[in-house]
Amino acid sequence: MGKGKDSFSFKEIEKIRELIVRKCSADRSEQKAIRSKMRGMGFYITDFTDDNITSVEEFDCLIADGKIKCSDEKIADLKSDDSHTTMNSKAYMKGNQSSDSNLKEGLAPVVGENPRVLILGSLPGDESLMLQQYYSKNGNRFWEVIYSLFDKKPQETYAEKTQFLKEHGIALWDVFGAAVREGSLDANINQEVPNDIRMFLNEYPSVNIIAFNGQKAAASFESYFQDLEESSNLKLLTLPSSSGANRQFSFDKMKEEWKKIL
């Protein structure tokens, strides 16, 4: 029988992942303190492997293999694709929830070299998910607003638009990697699983501004990443939602608010 436990809440799992990231870059004296924090949460590495865990990926493998369980049935399955070795975060729920037609998985981040701004939404709407393109719904003003900040008109193709973001140091992602949601309304989001934004910021330390596309994204970030909110290295901006449903802001007023990312 192990010294600790094998079932953790989702927030505990996120905290352990954060400690592993810190441990990998810490010196020997700091590693001892980090191990003590893990044990205080009931996590003993020796309960699961004879070897030391040297990366978050190894920890995620223990979760995927069922050796570590998530008590609230939320889990992030961090898998890489051809272009992102650490950030392409896909999420799923355990048990019968995995076949729920209302389970929506988000998109990989749009990011170039040395981004300085990370724009976070909550979770792409159904049309964006179907097309695998951010802010594709007719009426959403995101692309028009972004281009207007540089006195340009939106280009035609999605590839041109995402390249435009990269050239101007803007990265794009969401707070949530997955959630159960009927339709596209943020108000219907539940059983959400956040993206690994901490890992993203570790990979791209050039980011110094996080801008939230709407109040839902800002409030969700606050719920899961309070420690990042307190970071003196980051400026956080809550901007009016670019959704077509947000008509309390005229285009000119919205553009004025979004200028803050510059």
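Q: Is Lys-23 buried or exposed?
A: In this predicted model, Lys-23 belongs to helix α1, which covers residues 10-25. Leaving aside neighbours within four places in sequence, Lys-23 is in contact with Gln-31, Ile-34, Arg-35, Met-38, Asn-52 and Ile-53. Since residues under 20% relative accessible area count as buried, the 5% relative accessibility of Lys-23 places this residue in the class called buried.

Q: Which residues have the most contacts inside the largest nonpolar core?
A: The largest nonpolar core has 69 residues. Phe-43, a member of that core, is in contact with Phe-8, Ile-16, Met-38, Phe-48, Ile-53, Phe-59 and Ile-68, when neighbours within four places in sequence are left aside. The residues with the most contacts inside the core are Phe-43, Leu-118, Ile-119 and Ile-261.

Q: How many residues apart in sequence are the parts that Lys-69 and Asp-6 tie together?
A: Lys-69 forms a salt bridge with Asp-6, and the closest N and O atoms of the pair are 3.4 Å apart. Lys-69 lies in strand β2 (residues 69-70), whereas Asp-6 lies in the segment before β1 (7-8), so the parts tied together by this pair are separated in sequence by 63 residues.

Q: Which residues are linked in a network of salt bridges?
A: The count of salt bridges in the model comes to 7. One of the pairs is Lys-259 with Glu-256, whose closest N and O atoms are 3.7 Å apart. The residues linked in a network are Lys-104, Asp-126 and Arg-181.

Q: Which helix gives the most to the lining of the second largest pocket?
A: The second largest pocket has a volume of about 350 Å³, and of the 20 residues that line this pocket the closest to its centre are Arg-198, Met-199, Leu-201, Asn-202 and Leu-228. The lining residues divide into 9 nonpolar, 4 polar and 7 charged. At least two residues of the lining come from each of α1, α7 (197-203) and α9 (226-229). The element that gives the most, with 6 residues, is α1.

Terms used: Residues numbered from 1 in each chain as written. Predicted model: local features only at pLDDT ≥ 70, side-chain atom pairs only at ≥ 80, totals over all residues. Heavy atoms only, no water. Helix = DSSP H or I, 4+ residues; strand = E, 2+ residues; numbered from the N terminus. Buried < 20%, exposed > 50% of the residue type's maximum accessible area, 1.4 Å probe, protein only. Contact = heavy atoms within 4.5 Å. Core = buried A, V, L, I, M, F, W, Y, C linked by side-chain atoms within 4.5 Å. 1 Å grid on protein atoms, 1.4 Å probe; cavity = no way out; pocket = protein on both sides within 12 Å on 5 of 7 lines; lining within 4 Å. Points joined across faces, edges and corners; volume = space filled by probe spheres on them. Nonpolar A, V, L, I, M, F, W, Y, C, P; charged D, E, K, R; others polar. Salt bridge = Lys/Arg side-chain N within 4 Å of Asp/Glu carboxyl O.
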